[in-house]
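Have the sequence and the 3D view open as you read.

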Amino acid sequence: MKISAFKKSYEGKWVLDFPGFELKDGNICAVIGSNGSGKSTIAKVLAGIVKADNRRLPVPNDISVGYMPQKSFAFRLSTISNIRLSGGSEEEALVLMKRLQIDHLARKRAKKMSGGETARMALARLLIRPYDLLILDEPTASMDIESTALTEEVVSEYCRNTGCTVLWVTHSLQQARRVAQQAIFMRNGCLCEAGEAEKLLFNPDKTETREFLEFYGI
Ligand SMILES: Nc1ncnc2c1ncn2[C@@H]1O[C@H](COP(=O)(O)OP(=O)(O)OP(=O)(O)O)[C@@H](O)[C@H]1O
Ligand SMILES: [Mg+2]
């Protein structure tokens, strides 16, 4: 899946220059980089939440795109009704909730859930239907170790079963190494390095990428 080049400015101030990238179909691509490097901006532009400067969507326009924002959102409904807003039967929703270990919260008001529970609900709201491209912006940031591992497993499974391509923003290099086949390293609003995850996350070409990995202790 071809992601076209785009730039993004807010109120005339440049924040992002993305040169374009070929996401391999059915792969998970990790997006790594420091705070403010432009990761969420890429996610928002690809999801169509904000417009690129040229006002064009950089993804093919005939694909379905699912987006999980950095801050998960709950509607004023029960947890199961939140999930079913995207479609699916009650039974399908319950199967998915069980898989994500939130089935005991099905009838609970979604607004009353914890951060990690809300994130799993928001994920279930996406995974209840197929997408061509799924954009996850730090989906496990508020999750404990167990829920994080479960989420990695469930999303990888979803990819294998549906052929969906995933762009996964993460601050965890370990997570990127566990889930991703491709990776992008963002630095100061620019794409510094992109390619195979195995190469970028263990033996990168660029000094800046190497320094970033070393700074993170690996
Ligand atoms: N709505 C906005 N208006 C103005 N500037 C913005 C807006 N949204 C983001 N920015 C700026 O764009 C830059 C990139 O922000 P972005 O949210 O993409 O970073 P990030 O890599 O996701 O960071 P983090 O790791 O903290 O989530 C930052 O300098 C940020 O201040
Ligand atoms: Mg962000």
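Strand S9 (residues 182-187) and strand S10 (residues 190-196) are antiparallel partners, with six bridges between them. Helices and strands here are DSSP runs (H or I of at least four residues for helices, E of at least two for strands), numbered from the N terminus, and two strands count as paired if DSSP finds at least two bridges between them. Follow isoleucine 184 across and you land on alanine 194, its bridge partner in S10. The hairpin has two residues between the strands, and asparagine 188 there takes a positive phi near 50 degrees.

Before going further, keep in mind that this is a predicted model: local features need pLDDT of at least 70 and side-chain atom pairs count only at pLDDT 80 or more, while totals for chains, interfaces and linings use all residues. Residues are numbered from 1 along each chain as its sequence is written, and chains are lettered from A and ligands numbered from 1 in the order in which they are written.

Strand S2 (residues 6-10) pairs with strand S3 (residues 13-18) in the antiparallel sense over five bridges, and tyrosine 10 has lysine 13 in S3 as its bridge partner. Two residues sit between these strands as well, and glutamate 11 takes a positive phi near 50 degrees.

Most residues other than glycine have a negative phi. Glutamine 101 isn't a glycine, yet its phi is positive, about 55 degrees. Look for glutamine 101 in the loop between helix H3 (90-99) and helix H4 (115-127). Is glutamate 138 buried or exposed? Glutamate 138 is buried, because 23 C-beta neighbours lie inside 10 Å; the cut-offs are 20 or more other C-beta atoms within 10 Å for buried, 12 or fewer for exposed, and partly exposed in between, with C-beta atoms placed from the backbone. Glutamine 101 is partly exposed, because it has 14 other C-beta atoms within 10 Å. Glutamate 138 has a positive phi too, of about 50 degrees, and is found in the loop between strand S7 (133-137) and helix H5 (145-162).

That brings us to S7 itself, where five of five residues are buried. Leu133, Ile135 and Asp137 point one way, and Leu134 and Leu136 the other. In a regular strand the side chains alternate between the two faces of the sheet. S7 runs parallel to strand S6 (residues 65-68), joined by four bridges, with valine 65 partnering leucine 133. Five bridges also join S7 to strand S8 (residues 165-169), again in parallel. From S7 the chain goes through H5 to S8, a right-handed β-α-β crossover (with the strands pointing away from the viewer, the path from the first strand over the helix to the second runs clockwise).
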